[in-house]
Amino acid sequence: MGASRRHTGAVGSHSTPSQGTWGMGIRTQWIAMLVVLLLVVSAPLATAISAPGLPPPAVLDDNTAEYHLGPHVSFLHDREGRHALEDVMTGAAAGFAPLPGGSDALGFQRGAFWFHARVVNRAPGQTRWLLVQQYPLSDDIRFHAVYRDGRIVRHHGGDHQPFSARSVRYRHPNFWVELPADEPVDLYVRVQSESSMQVPLVLYTPTAFAEMTRDVQFGIGLYYGILLALFFYNLVLWLTTRDSSYFWYVFHLTAFGLVLFTLNGLGFEYLWPESSWLADKSVPLSICLAQVGVQQFARKFLDLNNRWRFGDRVGLGLIAFFVLLGIASAFLPVRISTPLASACVFISVGWVAVEAIVAIRLGYAPARIFLLAWATFLVGTAMFASVAFALLPKTFVTEYGVQIGSALEMLLLSVALGYRYAALRNENERIVRDAKRQLEYQVAERTRELREALAQLGDANARLRESNQRDALTGLHNRRHFHEQLVPMLDQARANRQPLSLLMIDLDHFKEINDRYGHLAGDACLRWVAHAIGDELRSHRALLARFGGEEFVAALPGHDLDQARIAAEKIRTRLESNPCETLGRPTRVTTSIGVHEINPAASGGIDSAIEYADRALYLAKSSGRNRVQTSAVS
Ligand SMILES: Nc1nc2c(ncn2[C@@H]2O[C@H](COP(=O)(O)OP(=O)(O)OP(=O)(O)O)[C@@H](O)[C@H]2O)c(=O)[nH]1
């Protein structure tokens, strides 16, 4: 990347961190962020150190396409910012000194700085050059080219001038300068700025500048293209899933992109070309915004509120701090707010790494990818800084460490979000599955209990029905049930053309038993009689019931009148010959029985049939009792 022919100066190698590419400008910002506190303290000291001698002039020749003036630059600190060009030229001001340590980054300084370099152009075919100050944030830059004949050409630049005032529409301030062949030209650059004092001056031929910007634009397009793709991808995911982690990821990505956009000078070029206020304040503001984004994203992604309360509180504290600092930076001088915000970035970035490590130790799997993403960014930034301190050789990867690291970080974070989403979805599905299983088990359990209850209820109903059909004293069927059962029995007899007979059985003088032995003895006698009749009729498939009081009724299917009479006679004989046991006392009990055969062809109902049997019984009673009487009507 860069011009095909480069020249780094006649004297020694280039020792400043600034180079003539896109990354060089950014690197300068990052170095400033890394060493800003050191510089704030050391720069005034450094300016006080007297120079051993002023640098030699820069000599351009036919092979020069891009020339870094750093080794040829001397500077003068005009603390009050009052000196005019004439003062510094004539020596009325204090003398010029070489750049401290060869570095063109002087930190945050009050007043104005004058930079001087003498240039001799030995290339007669190339007299038009572009001087670029590869730091986009300087407020006020006044450029002067002083020629042998006393002619002075002046330009005015910096981000306090509208972007359109630049010689070339480019993110770094730049000035066209005519360099006649073989004539020394003194270049004086006066810089006054609230932001960091960095003046990496580079001379380009128009061709070299065009080639350099082409490569740089490609790199910038690639980098911000990746960020934009991730932005829209995760924006859509946020809109569809409504998972706030995606929103804070997009916020973090946007704010981080804005920081680099601002530091690259692209913010001033494309977003606020007319606003010198924003040109000044955008750096601390975007830094604070990015830190709010990263802290909030980490809190949400790592679910710190549920996993690590203390870490969550610290994260919230950092967010509150950066919000306040962001608001304050709208009013504070940039030389205070920017170094403060930059220094706090280290705390914030380190704390995010701590949060991720704790989350991993607490067993949160998605935090691993999160930490990997974060480490990628930190390693990229560290490699970039290491090059600046000559700890690592300058390669494509180390030189563009911040861009590569942050692009990889954003990419990995996007993957981590997907992983986290899948993990949450799986967890949800597991919970739903468990709940469903639990519900199914409970439903089965309830169904079983219900079935058991229904069975018990059925049993109870059956028992109730049975008890409704039974006589409580004797255990025989009761009169109502007899009626109910006699109907189908009669229907069946009619259908089968079979006889059906009724017995009306009544104990004789039962009242006397009650009167003589008591009601309980009477009860016992009734039970005994019921058992005896039932026993006697068992072989006849009879329907036997207690008709009421001391009266019983029996229906004998398949029995004609005579067969029924014989069965009745057996009952009578059995009772007569077997005294009932009433409370240990044998008591003789006789019985009168009325017998009636129901004519299946007759249309009469069961009531009339019972009536006939009852009449026969009455006849038996009136004929002297203890006898069987058949009904005359059939
Ligand atoms: N211990 C007892 N006695 C009953 C029960 N139901 C009816 N009785 C008695 O049965 C007797 C029936 O008396 P009556 O209707 O005069 O008939 P009887 O004494 O058997 O005389 P005849 O039927 O005419 O031979 C009464 O004394 C009733 O109190 C019962 O469930 N338990």
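**α6 and α8.** I began with how helices α6 and α8 run relative to each other in this predicted model, and I found that the axes of α6 (residues 276-301) and α8 (residues 309-329) cross at roughly 160° and come within 9 Å. Since angles over 145 degrees count as roughly antiparallel, α6 and α8 are therefore roughly antiparallel to each other. I also noted the hand of the crossing, which is left-handed.

I then listed the residues that make this contact: α6 contributes K281, P284, L285, C288, L289, Q291, V292, Q295, Q296, A298 and R299, while α8 contributes D312, G315, L318, I319, F322, V323, L325, G326 and S329. Sorted by class, the residues of the contact of α6 with α8 are 11 nonpolar, six polar and three charged.

**Annotated spans.** I looked up the "transmembrane region" feature in UniProt, where the unreviewed entry places it at several spans, including residues 283-302 and 314-334 as well as 246-263 and 340-362. For residues 246-263 I read 100% helix and 0% strand, with the end C-alpha atoms 26 Å apart. For residues 340-362 I read 96% helix and 0% strand, with 33 Å between the end C-alpha atoms.

**Ligand shell.** Which residues come nearest to the ligand? Of the 16 residues around the ligand, I noted D508, F510, K511, G522 and G549 as the nearest. At least two residues of the shell come from each of β12 (500-507), α14 (510-517) and α15 (519-537), and α15 supplies the largest share, with four residues. By class, I recorded seven charged, five polar and four nonpolar residues in the shell around the ligand.

Key:
Residues are numbered from 1 along each chain as its sequence is written. This is a predicted model: local features need pLDDT of at least 70, side-chain atom pairs count only at pLDDT 80 or more; totals for chains, interfaces and linings use all residues. A residue is near a molecule or strand if its C-beta atom, placed from the backbone, lies within 6 Å of it. Ala, Val, Leu, Ile, Met, Phe, Trp, Tyr, Cys and Pro count as nonpolar, Asp, Glu, Lys and Arg as charged, and the others, Gly among them, as polar. UniProt positions are given in the numbering used here, feature names are shortened, and annotations may be inferred rather than shown by experiment. Axes are lines fitted to C-alpha atoms, for helices over the stretch in contact, and angles run from 0 to 180 degrees between N-to-C directions. Angles under 35 degrees count as roughly parallel, over 145 as roughly antiparallel, 65 to 115 as roughly perpendicular and the rest as oblique. A crossing is left-handed if the near helix is turned anticlockwise from the far one by less than a right angle, and right-handed if clockwise. Two residues are in contact if their C-beta atoms, placed from the backbone, lie within 7 Å.
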